[in-house]
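Here is a short briefing for a reader who is meeting this structure for the first time. Please look over the sequence and the model before reading on.

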Amino acid sequence: MPAPVAKPDDPALLRIEGAIATITLNRPTAFNSVNLAIAQKLEQLAAYIEGDDAIRVVVLEGEGRAFSAGGDLQTIGAAAEAGTVTPVVGELLKHYHSFIEILRRMPKISLSSVHGSAAGAGMGLAFVTDLCIAAEDAKFTPAYAKIGVSPDGGSTVGIVGTVGSRRALQIFLAEDNFTAQQAYEWGLVAKIVPAAELKAATRQLAERLAQNPPAAISGTKSLVYQAATTPVKQQLDAEEHKIIMAMNTEEFRVAVKKFTNKGK
(Lines give C-alpha, C1' and ligand atoms only; values in the text may rest on other atoms or scores of the structure.)
Protein backbone atom coordinates (compact mmCIF):
# COMPACT_ATOMS: atom_id res chain seq x y z
CA MET A 1 0.00 0.00 0.00
CA PRO A 2 1.51 3.37 -1.01
CA ALA A 3 1.94 6.01 1.69
CA PRO A 4 -1.01 8.43 1.88
CA VAL A 5 -0.32 11.75 0.20
CA ALA A 6 -0.47 14.47 2.87
CA LYS A 7 -1.86 17.96 2.31
CA PRO A 8 -1.32 20.73 4.89
CA ASP A 9 -5.06 21.14 5.43
CA ASP A 10 -5.80 17.42 5.91
CA PRO A 11 -7.76 16.80 9.13
CA ALA A 12 -5.03 14.37 10.25
CA LEU A 13 -1.39 14.28 9.15
CA LEU A 14 1.10 11.41 9.01
CA ARG A 15 4.84 11.77 9.53
CA ILE A 16 7.18 8.78 9.44
CA GLU A 17 10.69 8.97 10.88
CA GLY A 18 12.46 5.63 10.93
CA ALA A 19 10.44 3.16 12.99
CA ILE A 20 8.18 5.87 14.45
CA ALA A 21 4.97 7.09 12.80
CA THR A 22 3.30 10.23 14.14
CA ILE A 23 -0.37 11.02 13.50
CA THR A 24 -1.25 14.66 14.18
CA LEU A 25 -4.90 15.63 14.65
CA ASN A 26 -5.09 18.73 12.48
CA ARG A 27 -8.28 20.68 13.17
CA PRO A 28 -6.78 23.22 15.59
CA THR A 29 -9.50 25.85 15.10
CA ALA A 30 -12.05 23.22 16.21
CA PHE A 31 -9.77 21.96 19.00
CA ASN A 32 -9.27 18.77 16.97
CA SER A 33 -12.86 17.67 17.47
CA VAL A 34 -13.79 14.52 15.58
CA ASN A 35 -16.03 14.85 12.54
CA LEU A 36 -16.56 12.47 9.60
CA ALA A 37 -13.54 13.81 7.68
CA ILE A 38 -11.08 13.27 10.51
CA ALA A 39 -12.56 9.84 11.32
CA GLN A 40 -12.14 8.70 7.71
CA LYS A 41 -8.60 10.04 7.56
CA LEU A 42 -7.59 8.38 10.83
CA GLU A 43 -8.95 5.06 9.57
CA GLN A 44 -6.94 5.45 6.33
CA LEU A 45 -3.72 6.34 8.15
CA ALA A 46 -4.08 3.50 10.66
CA ALA A 47 -4.65 0.96 7.86
CA TYR A 48 -1.45 2.13 6.17
CA ILE A 49 0.58 2.01 9.39
CA GLU A 50 -0.71 -1.47 10.24
CA GLY A 51 0.60 -2.75 6.90
CA ASP A 52 4.06 -1.15 7.16
CA ASP A 53 6.34 -3.67 8.87
CA ALA A 54 9.09 -1.07 9.36
CA ILE A 55 6.93 0.94 11.80
CA ARG A 56 7.15 -0.16 15.44
CA VAL A 57 5.65 2.79 17.32
CA VAL A 58 2.69 5.08 16.56
CA VAL A 59 2.45 8.47 18.26
CA LEU A 60 -0.86 10.39 18.42
CA GLU A 61 -0.73 14.14 19.05
CA GLY A 62 -2.92 17.20 18.54
CA GLU A 63 -2.12 20.43 16.71
CA GLY A 64 -2.86 23.74 18.43
CA ARG A 65 -4.08 24.35 21.97
CA ALA A 66 -5.76 20.99 22.63
CA PHE A 67 -5.24 17.29 22.12
CA SER A 68 -8.89 16.78 21.17
CA ALA A 69 -12.21 18.20 22.31
CA GLY A 70 -13.99 14.95 21.38
CA GLY A 71 -16.90 14.58 18.99
CA ASP A 72 -17.81 17.57 16.83
CA LEU A 73 -20.93 18.77 18.65
CA GLN A 74 -21.83 21.26 15.91
CA THR A 75 -22.23 18.41 13.43
CA ILE A 76 -23.90 16.11 15.96
CA GLY A 77 -26.18 18.87 17.29
CA ALA A 78 -27.32 19.74 13.77
CA ALA A 79 -28.09 16.07 13.15
CA ALA A 80 -30.10 15.90 16.38
CA GLU A 81 -32.17 18.92 15.30
CA ALA A 82 -32.75 17.41 11.87
CA GLY A 83 -33.62 13.98 13.24
CA THR A 84 -30.69 12.35 11.41
CA VAL A 85 -28.57 11.32 14.39
CA THR A 86 -28.70 7.61 13.58
CA PRO A 87 -27.23 7.81 10.06
CA VAL A 88 -24.89 10.75 10.75
CA VAL A 89 -23.38 9.51 14.01
CA GLY A 90 -23.52 5.92 12.81
CA GLU A 91 -21.37 6.77 9.77
CA LEU A 92 -18.96 8.82 11.87
CA LEU A 93 -18.48 6.08 14.46
CA LYS A 94 -18.18 3.37 11.80
CA HIS A 95 -14.93 4.97 10.60
CA TYR A 96 -13.72 6.21 13.99
CA HIS A 97 -14.30 2.90 15.72
CA SER A 98 -12.59 1.10 12.82
CA PHE A 99 -9.57 3.34 13.49
CA ILE A 100 -9.66 2.42 17.19
CA GLU A 101 -9.96 -1.28 16.36
CA ILE A 102 -6.92 -1.13 14.06
CA LEU A 103 -4.97 0.82 16.68
CA ARG A 104 -5.63 -1.82 19.33
CA ARG A 105 -4.94 -4.87 17.17
CA MET A 106 -1.90 -3.67 15.20
CA PRO A 107 1.35 -5.35 16.29
CA LYS A 108 2.88 -1.97 17.16
CA ILE A 109 2.87 0.15 20.32
CA SER A 110 0.67 3.26 20.23
CA LEU A 111 1.52 6.28 22.38
CA SER A 112 -0.73 9.30 22.91
CA SER A 113 1.01 12.61 23.64
CA VAL A 114 -1.53 14.82 25.40
CA HIS A 115 -1.48 18.56 26.02
CA GLY A 116 -4.29 20.97 26.82
CA SER A 117 -7.75 19.46 26.83
CA ALA A 118 -8.74 15.87 26.09
CA ALA A 119 -12.52 15.65 26.37
CA GLY A 120 -15.15 13.05 25.54
CA ALA A 121 -13.93 10.93 22.64
CA GLY A 122 -10.65 12.87 22.84
CA MET A 123 -10.19 11.58 26.39
CA GLY A 124 -11.11 8.13 25.13
CA LEU A 125 -8.48 8.41 22.39
CA ALA A 126 -5.81 9.43 24.91
CA PHE A 127 -6.41 6.26 26.91
CA VAL A 128 -7.28 3.72 24.22
CA THR A 129 -3.67 3.88 23.05
CA ASP A 130 -1.27 1.43 24.65
CA LEU A 131 0.54 4.17 26.60
CA CYS A 132 -0.04 7.86 27.32
CA ILE A 133 2.42 10.65 28.11
CA ALA A 134 0.93 13.95 29.24
CA ALA A 135 1.91 17.54 29.88
CA GLU A 136 1.55 18.67 33.50
CA ASP A 137 -1.25 21.05 32.51
CA ALA A 138 -3.26 18.48 30.53
CA LYS A 139 -6.89 18.20 31.60
CA PHE A 140 -9.17 15.22 30.99
CA THR A 141 -12.93 15.77 30.80
CA PRO A 142 -15.37 12.83 30.53
CA ALA A 143 -18.15 15.15 29.27
CA TYR A 144 -20.59 12.39 28.29
CA ALA A 145 -23.00 12.33 31.25
CA LYS A 146 -23.34 16.12 31.25
CA ILE A 147 -24.93 16.00 27.80
CA GLY A 148 -26.99 12.92 28.60
CA VAL A 149 -25.08 10.25 26.70
CA SER A 150 -22.89 7.22 27.38
CA PRO A 151 -19.21 6.90 26.37
CA ASP A 152 -17.99 6.12 22.86
CA GLY A 153 -14.79 6.37 20.85
CA GLY A 154 -13.09 3.54 22.73
CA SER A 155 -13.46 5.30 26.08
CA THR A 156 -14.65 2.20 27.94
CA VAL A 157 -12.15 -0.01 26.08
CA GLY A 158 -9.12 1.89 27.31
CA ILE A 159 -10.25 3.12 30.72
CA VAL A 160 -12.09 0.14 32.21
CA GLY A 161 -9.25 -2.25 31.44
CA THR A 162 -6.83 0.05 33.27
CA VAL A 163 -8.73 1.33 36.30
CA GLY A 164 -11.49 -1.24 36.82
CA SER A 165 -15.26 -0.86 36.78
CA ARG A 166 -15.77 1.16 39.99
CA ARG A 167 -13.17 3.81 39.14
CA ALA A 168 -14.50 3.92 35.57
CA LEU A 169 -18.02 4.63 36.84
CA GLN A 170 -16.57 7.39 39.02
CA ILE A 171 -14.74 8.91 36.05
CA PHE A 172 -17.72 8.82 33.69
CA LEU A 173 -20.47 9.78 36.13
CA ALA A 174 -18.93 11.69 39.05
CA GLU A 175 -15.97 13.64 37.68
CA ASP A 176 -16.32 16.95 35.83
CA ASN A 177 -12.66 16.68 34.91
CA PHE A 178 -9.38 15.40 36.30
CA THR A 179 -5.72 16.34 36.06
CA ALA A 180 -2.71 14.66 34.52
CA GLN A 181 -1.49 13.92 38.05
CA GLN A 182 -4.74 12.12 38.91
CA ALA A 183 -4.56 10.20 35.63
CA TYR A 184 -1.00 9.19 36.51
CA GLU A 185 -2.05 8.01 39.97
CA TRP A 186 -4.86 5.94 38.44
CA GLY A 187 -2.46 4.29 35.98
CA LEU A 188 -3.88 5.97 32.87
CA VAL A 189 -0.79 8.07 32.18
CA ALA A 190 2.70 6.56 32.07
CA LYS A 191 4.65 9.80 32.45
CA ILE A 192 4.03 13.50 33.16
CA VAL A 193 6.38 16.22 31.90
CA PRO A 194 6.36 20.04 31.77
CA ALA A 195 4.37 21.29 28.77
CA ALA A 196 7.47 22.78 27.14
CA GLU A 197 9.18 19.38 27.24
CA LEU A 198 6.29 17.25 25.94
CA LYS A 199 7.44 16.89 22.33
CA ALA A 200 11.02 16.03 23.26
CA ALA A 201 9.92 13.62 26.01
CA THR A 202 7.43 11.96 23.65
CA ARG A 203 10.15 11.46 21.07
CA GLN A 204 12.51 10.04 23.68
CA LEU A 205 9.89 7.55 24.93
CA ALA A 206 8.90 6.59 21.37
CA GLU A 207 12.54 5.92 20.50
CA ARG A 208 12.92 3.80 23.64
CA LEU A 209 9.85 1.76 22.69
CA ALA A 210 11.04 1.39 19.10
CA GLN A 211 14.22 -0.33 20.32
CA ASN A 212 12.13 -3.40 21.10
CA PRO A 213 12.17 -5.97 18.26
CA PRO A 214 8.86 -6.41 16.39
CA ALA A 215 8.25 -9.93 17.76
CA ALA A 216 8.62 -8.66 21.34
CA ILE A 217 6.20 -5.77 20.72
CA SER A 218 3.51 -7.76 18.92
CA GLY A 219 3.69 -10.78 21.21
CA THR A 220 3.62 -8.74 24.41
CA LYS A 221 0.76 -6.51 23.25
CA SER A 222 -1.50 -9.36 22.18
CA LEU A 223 -0.79 -11.42 25.31
CA VAL A 224 -1.42 -8.50 27.67
CA TYR A 225 -4.75 -7.53 26.10
CA GLN A 226 -6.11 -11.08 26.00
CA ALA A 227 -4.94 -12.05 29.51
CA ALA A 228 -7.97 -10.71 31.40
CA THR A 229 -10.51 -12.72 29.41
CA THR A 230 -8.58 -15.85 28.45
CA PRO A 231 -8.67 -19.13 30.44
CA VAL A 232 -5.32 -19.95 32.08
CA LYS A 233 -4.49 -22.98 29.90
CA GLN A 234 -5.30 -21.05 26.72
CA GLN A 235 -3.21 -18.08 27.90
CA LEU A 236 -0.25 -20.32 28.73
CA ASP A 237 -0.50 -21.96 25.31
CA ALA A 238 -0.52 -18.49 23.74
CA GLU A 239 2.56 -17.52 25.76
CA GLU A 240 4.34 -20.67 24.56
CA HIS A 241 3.41 -19.98 20.94
CA LYS A 242 4.48 -16.33 21.04
CA ILE A 243 7.80 -16.87 22.77
CA ILE A 244 8.81 -19.72 20.46
CA MET A 245 7.95 -17.54 17.46
CA ALA A 246 10.11 -14.75 18.88
CA MET A 247 12.97 -17.16 19.63
CA ASN A 248 13.08 -18.10 15.96
CA THR A 249 13.98 -14.54 14.93
CA GLU A 250 17.44 -13.20 14.14
CA GLU A 251 16.99 -10.45 16.75
CA PHE A 252 16.67 -13.10 19.48
CA ARG A 253 19.68 -15.07 18.30
CA VAL A 254 21.84 -11.93 18.26
CA ALA A 255 20.60 -10.77 21.69
CA VAL A 256 21.19 -14.15 23.34
CA LYS A 257 24.65 -14.49 21.81
CA LYS A 258 25.52 -11.01 23.10
CA PHE A 259 24.21 -11.85 26.57
CA THR A 260 25.90 -15.24 26.88
CA ASN A 261 29.23 -13.81 25.69
CA LYS A 262 29.33 -11.23 28.50
CA GLY A 263 32.28 -11.73 30.77
CA LYS A 264 33.96 -14.27 28.52
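A residue is called buried when its relative accessible area is under 20%, exposed when it is over 50%, and partly exposed in between, using a 1.4 Å probe and protein chains only. This is a predicted model, in which local features need pLDDT of at least 70 and side-chain atom pairs count only at pLDDT 80 or more, while totals for chains, interfaces and linings use all residues. Residues are numbered from 1 along each chain as its sequence is written, and side-chain values use heavy atoms, with hydrogens and water left out.

**Domains**
- An automatic or database domain assignment divides the chain into domain 1 (12-211) and domain 2 (214-262).
- The centres of domain 1 and domain 2, taken over C-alpha atoms, are separated by 28 Å.

**Interface**
- Ten residues of domain 1 are in contact with five residues of domain 2, where contact means heavy atoms within 4.5 Å.
- On the side of domain 1 that touches domain 2 there are five nonpolar, one polar and four charged residues, with Ala, Val, Leu, Ile, Met, Phe, Trp, Tyr, Cys and Pro counted as nonpolar, Asp, Glu, Lys and Arg as charged, and the others, Gly among them, as polar.

**Lys221**
- Lys221 is found in helix H9 (residues 214-227), helices being DSSP runs (H or I) of at least four residues, numbered from the N terminus.
- With a relative accessible area of 6%, Lys221 is buried.
- The side chains of Lys221 and Asp130 form a salt bridge at 3.0 Å, N to O, a term for a side-chain nitrogen of Lys or Arg within 4 Å of a carboxyl oxygen of Asp or Glu.
- Leaving aside residues up to four places away in sequence, Lys221 touches Leu103, Arg104, Met106, Lys108 and Asp130.

Definitions and conventions: Helices (H or I, at least four residues) and strands (E, at least two) are DSSP runs, numbered from the N terminus.
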